[in-house]
Amino acid sequence: DRVKNITGLVELYGRNPCLRELVNLVVVAGDQGKESKDLEEQAEMKKMYSLIEQYKLDGHIRWISAQMNRVRNGELYRYICDTKGVFVQPAFYEAFGLTVVESMTCGLPTFATCHGGPAEIIVHGVSGFHIDPYQGDKAAELLVDFFEKCKEDPSHWAKISQGGLQRIEEKYTWKLYSERLMTLSGVYGFWKYVSNLDRRETRRYLEMFYALKYRNLAKSVPLHADGEIAANGTK
């Protein structure tokens with residue numbers, strides 16, 4: 001998907017000679033085994049091939065199709081981790097950022113978009129790094145700075161890796177999630193018990209919404225002779 005900005009990652013990598021000299025790029029996205037019927041995906045894949053050719057990335061990039069197997073995904077994170085690499089999530093926007101949590105759980109230093117959930121998951125410079133997908137050159141410079149520091153001081157990689165692990169342990173384990181969910185459920189149950197908002201006010205709000213919006217929309221939808229709603233000329 002364009003919003004995932006995978007081609008943006010390839011472009012920022014291709015545009016920065018220092019970054020290309022320091023590391024190779026592994027991209028995991030799409031399915032090269034079959035032709036996509038999605039026009040957006042077709043355009044992104046075409047752009048990907050174009051960028052690889054434009055920046056002469058043969059020998060610098062490995063493009064792997066999206067992985068659906070969880071065990072294999074875990075092994076992929078760990079392999080990059082063992083080679084002292086990083087994980088980059090360059091999306092224009094990410095609602096939560098499950099892959100960010102996955103990579104940090106594997107001890108992989110993570111660079112992720114500053115727009116959306118990852119901005120809360122990562123503490124910049126402590127448990128990972130925020131990048132702005134709209135400023136690819138700055139993101140590339142941040143990556144170069146990290147890898148150069150790691151060359152000078154190998155403990156720097158371990159420091160960020162450990163910071164990510166600690167952040168997950170403090171905020172994003174299943175135990176913490178379930179406890180938080182139960183607390184919110186209890187608060188909601190009590191609020192619902194003592195409040196009338198769930199009754200008269202909510203009903204009035206829904207009736208107003210229907211009268212102002214949905215009633216007119218419903219009238220505009222054509223019906224078949226038997227009364228069923230028509231959609232795109234079919235029942």
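1. A friendly place to start is Tyr177, which sits in helix α9 (residues 174-194); helices here are DSSP runs of H or I with at least four residues, strands are runs of E with at least two, and both are numbered from the N terminus. Together with W174 and L181, Y177 makes a nonpolar surface patch of about 420 Å². Such patches take residues with over 30% relative accessible area and no salt bridge, joining nonpolar side chains (Val, Leu, Ile, Met, Phe, Trp, Tyr) within 5 Å and like charges within 9 Å.

2. Some ground rules for reading on. This is a predicted model, in which local features need pLDDT of at least 70 and side-chain atom pairs count only at pLDDT 80 or more, while totals for chains, interfaces and linings use all residues. Residues are numbered from 1 along each chain as its sequence is written, and side-chain values use heavy atoms, with hydrogens and water left out.

3. Now the overall picture. The protein chain has 10 helices and 5 strands. Of its 235 residues, 34% count as buried, where buried means under 20% relative accessible area, exposed means over 50%, and partly exposed lies in between (1.4 Å probe, protein chains only). The chain exposes about 16,000 Å², with carbon and sulfur atoms supplying 55% of that area; the areas come from the Shrake-Rupley method with a 1.4 Å probe, and for residues only the protein chains shown count as cover. Among contacts between residues at least 6 apart in sequence, 55% join residues at least 24 apart, a contact being heavy atoms within 4.5 Å.

4. The largest nonpolar core has 38 residues, of which V10, L19, V27, F111, L143 and F146 touch the most other members. Its largest share, 7 residues, comes from helix α7 (residues 136-152). A second, separate core of 7 residues includes V100, V101, A112 and I168. A core in this sense is a set of buried Ala, Val, Leu, Ile, Met, Phe, Trp, Tyr and Cys residues joined through side-chain atoms within 4.5 Å. Leaving aside neighbours within four places in sequence, V10 is in contact with L25, V27, M48, L51, L57 and I61.

5. Helix α5 (residues 98-105) buries V100, V101, S103 and M104. Seen down the helix axis, the buried residues of α5 fall within an arc of 165 degrees, so they line one face of the helix; the arc is that of the directions from the axis to the C-beta atoms. They pack against α4 (70-82), β3 (87-89), β4 (110-113), α6 (118-121) and α8 (155-171). S103 has 0% relative accessibility, and beyond its neighbours within four places in sequence it is in contact with Y77, F87, L108 and T110. Just after α5, G107 takes a positive phi of about 80 degrees.

6. Two other backbone positions are worth checking on your screen. Most residues other than glycine have a negative phi. N5, in the segment before α1 (6-15), has a positive phi of about 60 degrees although it is not a glycine, and is buried at 6% relative accessible area. K84, in the loop between α4 and β3, also has a positive phi of about 60 degrees without being a glycine, but is partly exposed at 46%.

7. The structure holds 5 salt bridges, each defined as a side-chain nitrogen of Lys or Arg within 4 Å of a carboxyl oxygen of Asp or Glu. K4 pairs with E94, their closest N and O atoms being 2.8 Å apart; this links the segment before α1 to the loop between β3 and α5, across 90 residues. K4 is partly exposed at 34%, whereas E94 is buried at 13%. R15 and D137 form another salt bridge, at 3.1 Å between the closest N and O atoms, joining helix α1 to helix α7 across 122 residues. D82 and R78 meet at 3.2 Å, N to O; both lie in helix α4, 4 residues apart, about one turn of the helix.

8. Last, G116 in the loop between β4 and α6. G116 is partly exposed, at 24% relative accessible area. Leaving aside its neighbours within four places in sequence, G116 is in contact with Y93, E94 and A95. G116 and F96 are 20 residues apart in sequence and 6.6 Å apart in space, C-alpha to C-alpha.
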